[in-house]
Amino acid sequence: MTTPWYATREEIKAELDVRETARSNARIDRALADATEAVHGLLHRRFFPELATRFFDWPPRTGMTPWVLRLDDNELISLTSVTSGGVTLDPAAYFLRRADNHDEPPYTRVEINLSSNATFGGGNTYQRDIALYGLYGHRNDETQTGATVEALDTSETGIDVDAATSASVGVGSLLRIDSERVIVTGRAQLDTGQTLGGGGLTNQNNAVTVPVGSGAAFAAGETILIDAERMRVDDIAGNTLIVTRAWDGSTIAAHTAGATIYAPRTLTVTRGALGTTAATHTSGAAVYRWDAPGPVRQLCIAEALTDLLQGRSGYARTAGSGENEREASGRGLADLRARVYMSHGRKARMRSV
């Protein structure tokens, strides 16, 4: 996976109540990849942050203003350096702007500070005369989820994380550790260091209290594994976990005291993603999750769900019965597409007929 998704595998499975199997995971992953690309095609922009150097012709062949470089779909979150005609410009000689003059990303143009002596151009030809190194994308909204629980070298692709991170991320998430970004491509079970206490658990649905040595070792929303049964942690009261039994398609069973408790805290990741470089990290390094805009995330979920449900029906879903039976129109999805396009779609500067 070279780009993150705008929703996670776990979110789609929760919506459809799909059990954990390799086949269902692969199908959901394909639907999420397709849904993310559908969002890009509809909204004409990529939302995730990507560190890169991009080149621009100067003067441009259309729409030239001598001190304004229009970025079009190369929107910027932040800018580190500008080189024009082989000369690196002083940061005070330019600034970022949006077409609506709001002083926040995504920035759509770079302007020369007219009180300076700087200019664009000066290369041998107009081709690739300007180089911009910066963070491209829509916004860099992040949430700190937790931390790593092991030191990392530059080649490891399995990252052990704490309970808070395990409960907050999923397959498809984009994470940042120090200056490196990684994309979560899988999850594996890790021994939590905790065991089932008390007298164990019966195989009854109302047996929902799991005594442990330390409730602080878990987080609400996390999934735990005891023997072959998965359980979702709904709440934590002291050293007791309140759970939903037989979670994620597993089968309820009795468990004896002392059974090891596992959780999906080993994240399989793509290292050095989106222009960053794989680096070493200490144990306890903070983990930050990049958050897509809410409407964009919801549209990605809706597109993936529609793909999965249509595929199950052989793309022949209908509504009603008898003489009133008709093909399902997906009108709700169409309305959502229209709303998200109005709120987050990139509109062209000019259109021709």
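Helix 2 crosses helix 4 in a right-handed way (right-handed if the near helix is turned clockwise from the far one by less than a right angle, left-handed if anticlockwise). This is a predicted model, where local features need pLDDT of at least 70, side-chain atom pairs count only at pLDDT 80 or more, and totals for chains, interfaces and linings use all residues. Residues are numbered from 1 along each chain as its sequence is written, and side-chain values use heavy atoms, with hydrogens and water left out.

Helices (H or I, at least four residues) and strands (E, at least two) are DSSP runs, numbered from the N terminus. Axes are lines fitted to C-alpha atoms, for helices over the stretch in contact, and angles run from 0 to 180 degrees between N-to-C directions.

| Helix pair | Angle | Axis distance |
|---|---|---|
| Helix 2 (residues 22-43) and helix 4 | about 130° | 8 Å |
| Helix 1 (residues 9-16) and helix 4 (residues 294-312) | about 60° | 10 Å |

Helix 1 is oblique to helix 4 (under 35 degrees is roughly parallel, over 145 roughly antiparallel, 65 to 115 roughly perpendicular, the rest oblique). Their crossing is right-handed. On the helix 1 side, the contact (heavy atoms within 4.5 Å) uses Glu-11, Ile-12, Glu-15 and Leu-16, and helix 4 brings residues including Arg-297 and Ile-301.

Over in strand 3 (residues 76-84) sits Ser-84. Ser-84 is buried at 3% relative accessible area (buried is under 20%, exposed over 50%, partly exposed in between, with a 1.4 Å probe and protein chains only).
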